[in-house]
Amino acid sequence: MSSLALQDDLHSLTKLIPELHRFARSLTRSVDAADDLVQRAFERALMHQDSIAAIEEPAGWMRSIIRNLWIDEKRSARGRLSSPLEDDQHIAAEDTERTVIARTTLAKVRLEIANLSEDQRTALMLVCVEGQSYQEAAGHLRIPIGTLMSRLYRARAELARRVGHTTTHLCSLHFLWSFAALI
């Protein structure tokens, strides 16, 4: 592979950093741990520089690396807990009451998403926050689409129950869609 082609491939990977960081943060529940995870994923990807050009879906490939690294880390350090998501600093303070309600709702949603099972949280983040189709998310997780749909339904139902909403179609709620910009 020529040096120029490798630079192009690496440039396309670096464009994915914000998306990969959000994904890593959804897994780790910590900004610092997500940073470390993304960095280790890039280190692992760079160890296979010769095969980067052959990757058809670089974002999916990198998410798989991140998820595998995270699973390995979790298995090797079962007793260590990730820190909870930090307080939001990105909601504009248009009016105090609306801001307080939005921050409270967001904090509750973040807490409850963090308390979902790993499988449910990952499905919810890929489909509802990252905006992937069911087929894309199932492919990235390497599971049948029916399994993904089941996990997503259970995650939505559990999240709705925990935050006190009567609907199980949480992807349509405004705060969950805007959640992607906040993490």
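This note sets out points on the helices, core and selected residues of a predicted model.

1. Overall composition. The chain contains 10 helices and zero strands, and its pattern along the sequence reads α-α-α-α-α-α-α-α-α-α. The chain has 183 residues, of which 42% count as buried. Among the contacts with a separation of 6 or more, 65% are accounted for by residues 24 or more positions apart.

2. The nonpolar core. The largest nonpolar core comprises 40 residues, and Met62, Ile66, Leu124 and Leu148 touch the most other members. At least two residues of this core come from each of H2, helix H3 (31-46), helix H5 (58-76), helix H6 (96-115), H7, helix H8 (134-141) and helix H9 (145-163). The greatest contribution is that of H5, with eight residues.

3. Isoleucine 66. This residue is one of the core members that touch the most others. When neighbours within four places in sequence are left aside, isoleucine 66 is in contact with Leu20, Phe23, Ala24, Leu27, Leu37, Val38 and Ala41.

4. Packing of H2 against H7. The axes of helix H2 (residues 17-28) and helix H7 (residues 118-129) come within 10 Å, with a crossing angle of roughly 155°. Angles over 145 degrees count as roughly antiparallel, and H2 is therefore roughly antiparallel to H7. The crossing of these two helices is right-handed. On the H2 side the contact is made by Phe23, Ser26 and Leu27, and on the H7 side by Arg121, Thr122, Met125 and Leu126. By class, the residues of the contact of H2 with H7 are four nonpolar, two polar and one charged.

5. Packing of H5 against H7. The axes of H5 and H7 lie 14 Å apart, and the two helices pack at an angle of about 160°. H5 and H7 are therefore roughly antiparallel to each other, and H5 passes H7 in a right-handed crossing. From H5, the residues Arg63, Arg67, Trp70, Ile71 and Lys74 meet Glu118, Asp119, Arg121, Thr122 and Leu126 of H7. The contact of H5 with H7 has six charged, three nonpolar and one polar residues.

6. Glutamate 19. This residue is placed in helix H2. Glutamate 19 counts as partly exposed because its relative accessibility is 22%, and the buried class requires a value under 20%. Not counting residues up to four places away in sequence, glutamate 19 touches Ala59, Arg63 and Glu130. Glutamate 19 and glutamate 130 are 111 residues apart along the chain, with their C-alpha atoms separated by 7.9 Å.

7. Backbone at arginine 29. Most residues other than glycine have a negative phi. Arginine 29, although not a glycine, has a positive phi of about 65°. This arginine is found in the loop between H2 and H3. With a relative accessible area of 24%, arginine 29 is partly exposed.

8. Backbone at arginine 142. A positive phi, of about 60°, is also found at arginine 142, which is not a glycine. Arginine 142 has its place in the loop between H8 and H9. At 64% relative accessibility, arginine 142 counts as exposed, since the exposed class begins over 50%.

Notes: Residues are numbered from 1 along each chain as its sequence is written. This is a predicted model: local features need pLDDT of at least 70, side-chain atom pairs count only at pLDDT 80 or more; totals for chains, interfaces and linings use all residues. Side-chain values use heavy atoms; hydrogens and water are left out. Axes are lines fitted to C-alpha atoms, for helices over the stretch in contact, and angles run from 0 to 180 degrees between N-to-C directions. Helices (H or I, at least four residues) and strands (E, at least two) are DSSP runs, numbered from the N terminus. Angles under 35 degrees count as roughly parallel, over 145 as roughly antiparallel, 65 to 115 as roughly perpendicular and the rest as oblique. A crossing is left-handed if the near helix is turned anticlockwise from the far one by less than a right angle, and right-handed if clockwise. Contact means heavy atoms within 4.5 Å. Ala, Val, Leu, Ile, Met, Phe, Trp, Tyr, Cys and Pro count as nonpolar, Asp, Glu, Lys and Arg as charged, and the others, Gly among them, as polar. Buried means under 20% relative accessible area, exposed over 50%, partly exposed in between (1.4 Å probe, protein chains only). A nonpolar core is a set of buried Ala, Val, Leu, Ile, Met, Phe, Trp, Tyr and Cys residues joined through side-chain atoms within 4.5 Å.
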